[in-house]
Amino acid sequence: MSGAASPKITATCEAIAGELDARKLRLCAEIDAYAPAAARDAHFNSLIEQRAELFAELGRFAALRAEYPQAVTLRTFVLNSRSLDAEIRQRLLAALHDVNT
């Protein structure tokens, strides 16, 4: 990150990265558990699509973190994330609630 982000922004970035990485590990483990013939399975194909979307989202988040992240950009990222579930999204938004940058 260029510039000095506030400790709360830095902690929230770490939390977002941790949640996305945890989702990536769960999704990849579920894909790895499928048998080779599963490539024709609709659920398997859905998992592959979710993985591609998650990897794209990880790339967008890495780019956001490389710049000076501000609360407003983190809020937007969290609100638009399709990889974070509602409970995690609410927790991350609450962490950003009183940050004004």
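Of the 101 residues of the protein, 32% count as buried, where buried means under 20% relative accessible area, exposed means over 50%, and partly exposed lies in between, with a 1.4 Å probe and protein chains only. This is a predicted model, in which local features need pLDDT of at least 70 and side-chain atom pairs count only at pLDDT 80 or more, whereas totals for chains, interfaces and linings use all residues. Residues are numbered from 1 along each chain as its sequence is written, and side-chain values use heavy atoms, with hydrogens and water left out.

**View 1. The elements of the chain.** The protein contains four helices and zero strands, and from the N terminus on its elements run α-α-α-α. Helices (H or I, at least four residues) and strands (E, at least two) are DSSP runs, numbered from the N terminus. Among contacts with a separation of 6 or more, 66% are accounted for by residues 24 or more positions apart, a contact being heavy atoms within 4.5 Å.

**View 2. Helix α1 and its buried residues.** Helix α1 covers residues 7-32, and at 1.5 Å a residue its 26 residues should span 38 Å, which agrees with the 37 Å between its end C-alpha atoms; the expected span is 1.5 Å times one less than the number of residues. Which residues of α1 are buried? They are I9, T12, C13, I16, A17, E19, L20, L27 and I31, and these buried residues pack against α2 (42-66), α3 (71-80) and α4 (86-96).

**View 3. The largest nonpolar core.** The largest nonpolar core has 23 residues, and those with the most contacts inside it are I9, I16, L20, F61 and L74. Two or more residues are given to this core by each of α1, α2, α3 and α4, and its largest share, seven residues, comes from α1. A nonpolar core is a set of buried Ala, Val, Leu, Ile, Met, Phe, Trp, Tyr and Cys residues joined through side-chain atoms within 4.5 Å. Leaving aside its neighbours within four places in sequence, L20 is in contact with L54, E57, L58, F61, F77, S83 and L84.

**View 4. Two cysteines, C13 and C28.** C13 counts as buried because its relative accessibility is 0%, whereas C28, at 22% relative accessibility, counts as partly exposed. The structure holds zero disulfides, a disulfide being a pair of cysteine sulfur atoms within 2.5 Å.

**View 5. The salt bridge between E19 and R91.** The structure holds five salt bridges, each defined as a side-chain nitrogen of Lys or Arg within 4 Å of a carboxyl oxygen of Asp or Glu. In one of them E19 pairs with R91, the closest N and O atoms being 2.4 Å apart. This pair links distant parts of the chain, with E19 in helix α1 and R91 in helix α4, 72 residues apart. E19 is buried, with a relative accessible area of 17%, whereas R91 counts as partly exposed at 43% relative accessibility.

**View 6. The salt bridge between K24 and D21.** K24 forms a salt bridge with D21, and their closest N and O atoms are 3.9 Å apart. Both K24 and D21 lie in helix α1, three residues apart, which is about one turn of the helix. K24 is partly exposed, with a relative accessible area of 26%, and D21 is partly exposed, with a relative accessible area of 33%.

View 7. The closest N and O atoms of the salt bridge between R82 and E53 are 3.4 Å apart. Because R82 lies in the loop between α3 and α4 and E53 in helix α2, the pair ties together parts that are 29 residues apart in sequence. R82 is exposed, with a relative accessible area of 67%, whereas E53 is partly exposed, with a relative accessible area of 28%. S81 also has its place in the loop between α3 and α4, and S81 is buried, with a relative accessible area of 4%. The side chain of S81 reaches the backbone nitrogen of S83 at 3.1 Å, and, with neighbours within four places in sequence left aside, S81 is in contact with E57 and R89.

**View 8. The segment before α1, with A5.** A5 lies in the segment before α1, and, leaving aside its neighbours within four places in sequence, A5 is in contact with T10 and Y68. How many residues apart in sequence are A5 and A71? They are 66 residues apart in sequence and 9.8 Å apart in space, C-alpha to C-alpha.

How values were computed: Polar contact = N/O pair within 3.5 Å; in protein donor to acceptor, adjacent residues only side chain to side chain.
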